[in-house]
Amino acid sequence: MVHTLSITLTSASFLRVLDLVGTFVFAISGAVAAARRRLDFFGVLVLSYVAGNFGGITRDVLIGSVPPEALTDGAILFVSVLAGLITFFRYADVQKLSNPVLLFDALGLSLFAVSGAQKALGFGLGAVSAALLGMLTGIGGGMMRDILLAEIPQVLRSELYALAALAGAVVVVLGDQGGLPYSVSALFGAVLCFGLRFMAIRYGWQLPRARLSRPAAGDDEA
Amino acid sequence: MVHTLSITLTSASFLRVLDLVGTFVFAISGAVAAARRRLDFFGVLVLSYVAGNFGGITRDVLIGSVPPEALTDGAILFVSVLAGLITFFRYADVQKLSNPVLLFDALGLSLFAVSGAQKALGFGLGAVSAALLGMLTGIGGGMMRDILLAEIPQVLRSELYALAALAGAVVVVLGDQGGLPYSVSALFGAVLCFGLRFMAIRYGWQLPRARLSRPAAGDDEA
Amino acid sequence: MVHTLSITLTSASFLRVLDLVGTFVFAISGAVAAARRRLDFFGVLVLSYVAGNFGGITRDVLIGSVPPEALTDGAILFVSVLAGLITFFRYADVQKLSNPVLLFDALGLSLFAVSGAQKALGFGLGAVSAALLGMLTGIGGGMMRDILLAEIPQVLRSELYALAALAGAVVVVLGDQGGLPYSVSALFGAVLCFGLRFMAIRYGWQLPRARLSRPAAGDDEA
């Protein structure tokens with residue numbers, strides 16, 4: 001129950017708001033994917049919850065923070081279910097938004113990458129581990145969403161995805177090492193991640209793929 | 001080695017019997033699915049073990065009860081392997097039972113939902129978390145069984161499945177809050193879950209799916 | 001930074017070398033599978049890391065050793081990424097090796113089965129649990145590699161795979177109980193596992209599959 005909304009968000013409450021917003025938008029992406037694949041009502045809710053929380057749950061298990069907050073935090077459960085309900089009952093509206101999965105997914109990715117990295121830092125992990133866990137927090141939910149739909153996770157083949165999450169997480173880690181307030185580095189990290197992902201979607205930025213055969217001499221396209 | 005079987009089952013031993021029976025029947029469902037997909041001998045044993053124990057293992061990891069009992073408890077391993085062996089060597093007989101996967105699956109679901117919720121309560125989790133973990137204990141093994149077979153988990157699209165598990169788990173949680181003996185609430189919870197699931201299979205009870213497009217006015221079928 | 005390489009490897013350093021070599025070769029198998037399925041640059045790196053480390057991460061989570069060493073150990077991350085980079089930029093060369101996925105996979109399997117069993121013993125798990133965790137350490141990375149590619153894991157249907165890992169792990173457990181130095185039992189276990197797997201590939205050794213229907217009398221092919 002929120003009685004007052006302080007103007008100055010503390011790092012903790014800022015982290016919390018990010019988590020809730022990230023959970024909601026990721027959950028929307030899961031619910032839309034589930035509805036599109038014709039899962040039933042419960043399947044939509046499960047995919048909402050999984051897409052919204054699997055990254056964070058995995059992070060929490062890996063850093064030893066059990067039970068994971070996604071299981072014990074009523075607000076997180078509430079926004080996950082809410083996203084599923086909205087998508088289920090207003091699917092036609094949600095779908096009208098252009099490419100809603102992609103956009104919500106990009107927003108969730110950005111928010112989770114920064115909050116995941118910050119939480120890992122708070123549990124005493126080193127810079128590299130924290131950056132990786134930030135990325136994992138960002139991409140874990142979407143990966144499990146796709147695995148549950150028996151598809152190769154988008155993150156492994158789409159335009160600039162995990163790399164955007166890693167970039168956002170790295171900003172938070174560097175900001176932490178440089179003594180920046182978390183709210184500042186989180187903002188920069190999230191904007192960088194979202195910007196990279198948005199540009200990648202808009203301009204079709206792709207990471208290269210391995211060449212399956214050796215090109216002939218004079219055919220070097222690298 | 002059981003020397004005597006006390007008439008009055010204590011809560012602990014009752015929980016244990018439920019766990020072993022649930023493991024066995026779930027393992028049968030995993031083994032049947034594996035044999036049907038032509039996995040080899042070891043694949044059948046792995047699917048037995050996974051279907052029988054993945055839900056409980058996930059629950060244990062999430063509540064911080066590691067190593068999970070499914071790894072350290074010889075009896076659980078024994079019944080998992082036994083179910084796989086029976087299915088492997090007597091597949092024709094197991095298959096003759098009408099819809100064995102569905103029925104064994106429903107029984108395992110019921111037993112695991114109640115024992116999972118109870119274990120979570122014992123580890124101090126709150127009512128909502130315990131109910132969710134009960135459901136997860138029930139549906140986790142079957143979900144991983146399907147994921148390993150590269151299929152969308154049945155639970156996400158079949159008739160009333162996870163909801164039945166949740167109902168059973170909720171009964172245990174409410175019973176705990178109302179001071180009922182666990183053996184009573186577990187019985188009620190398991191019967192409720194199995195009954196819901198059985199009726200759902202028999203009468204094809206389905207949860208609704210999201211409407212992919214907005215119906216025309218006058219075409220409201222809700 | 002290695003200044004001297006002692007002739008006599010201690011058990012700890014031997015375990016470490018095994019881990020790094022196993023990670024590298026498994027990571028190669030993941031990268032090759034990813035490149036073959038046309039994942040992008042980051043997808044190749046993720047599959048390298050997952051195939052190289054998911055078995056060990058799962059083992060660490062199950063025995064309560066968090067954060068898992070694969071997340072905090074810079075050298076493990078380095079060899080994982082290195083394997084991905086080599087495969088990505090020299091795919092044509094890597095591919096020329098006959099059946100590179102299968103051979104690297106067999107080597108990784110052997111090394112991980114023995115090191116996984118040893119680590120589980122070190123965390124106080126019993127003989128059966130340690131053998132199972134050794135097997136899981138060996139097969140976990142490859143299973144998740146295949147799951148991420150939306151395929152039924154090879155381990156569940158290929159020639160003698162998990163059984164080879166289990167045999168290697170059992171050797172380490174028996175050696176531990178018999179008081180053998182770990183370096184000796186690890187060598188024997190790894191050679192046994194690799195030998196079994198190699199012969200299985202070479203001679204097409206298969207485990208039997210369940211008969212889907214009862215054979216007619218006089219048609220007993222068992």
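User: What is the hand of the crossing where helix 7 of chain B passes helix 8 of chain B?

Analyst: The crossing of helix 7 of chain B and helix 8 of chain B is right-handed. A crossing is left-handed if the near helix is turned anticlockwise from the far one by less than a right angle, and right-handed if clockwise. A word on the model: it is predicted, local features need pLDDT of at least 70, side-chain atom pairs count only at pLDDT 80 or more, and totals for chains, interfaces and linings use all residues. Residues are numbered from 1 along each chain as its sequence is written, while chains are lettered from A and ligands numbered from 1 in the order in which they are written.

User: Why are helix 7 of chain B and helix 8 of chain B called oblique to each other?

Analyst: Look at the angle. The axes of helix 7 (residues 127-148) and helix 8 (residues 162-177) of chain B cross at roughly 140° and come within 8 Å. Axes are lines fitted to C-alpha atoms, for helices over the stretch in contact, and angles run from 0 to 180 degrees between N-to-C directions. Angles under 35 degrees count as roughly parallel, over 145 as roughly antiparallel, 65 to 115 as roughly perpendicular, and the rest as oblique. The two helices of chain B are therefore oblique.

User: Which residues of helix 7 of chain B make the contact?

Analyst: Among them are Ala127(B), Gly134(B) and Ile139(B). From helix 8 of chain B come residues including Ala162(B), Leu166(B) and Gln177(B). Two residues are in contact if their C-beta atoms, placed from the backbone, lie within 7 Å.

User: How do the residues of that contact of helix 7 with helix 8 of chain B divide by class?

Analyst: Twelve are nonpolar, four are polar and none is charged. Ala, Val, Leu, Ile, Met, Phe, Trp, Tyr, Cys and Pro count as nonpolar, Asp, Glu, Lys and Arg as charged, and the others, Gly among them, as polar.

User: Why does Asp73(C) count as buried?

Analyst: Count its neighbours. A residue is buried if 20 or more other C-beta atoms lie within 10 Å of its own, exposed if 12 or fewer, and partly exposed in between; C-beta atoms are placed from the backbone. Asp73(C) has 20 C-beta neighbours inside 10 Å, so it counts as buried. Asp73(C) sits in the loop between helix 3 (69-72) and helix 4 (74-89) of chain C.

User: Why is Arg38(B) called partly exposed?

Analyst: Arg38(B) has 13 other C-beta atoms within 10 Å, so it is partly exposed. Its place is the loop between helix 1 (11-36) and helix 2 of chain B. Arg38(B) also has a positive phi of about 65°, although it is not a glycine. Arg38(C) has a positive phi near 65° too. Most residues other than glycine have a negative phi, and most peptide bonds are trans.

User: Where is there a cis peptide bond in chain A?

Analyst: It joins Val66(A) and Pro67(A), with omega about -5°. Pro67(A) lies in the loop between helix 2 (41-63) and helix 3 (69-72) of chain A. In chain B, the bond from Val66(B) to Pro67(B) is cis, with omega near -5°.

User: How do you know that chains C and B are related as by a three-fold rotation axis?

Analyst: A rotation of 120° with 0.0 Å of shift along its axis superposes chain C on chain B, with RMSD 0.0 Å. Within chain C, Ala150(C) comes closest to the axis, at 3.3 Å (C-alpha).

User: How many residues does the contact take from chain C and from chain B?

Analyst: It takes 27 from chain C and 25 from chain B. Helix 7 of chain C gives the largest share of the side of chain C that touches chain B, four residues. By class, that side of chain C has 17 nonpolar, five polar and five charged residues.

User: What about chain A and chain B: how many residues are in contact?

Analyst: 25 residues of chain A are in contact with 27 residues of chain B. Helix 2 of chain A supplies the largest share of the side of chain A that touches chain B, six residues.

Note on methods
Least-squares fit on C-alpha atoms with pLDDT ≥ 70 in both.
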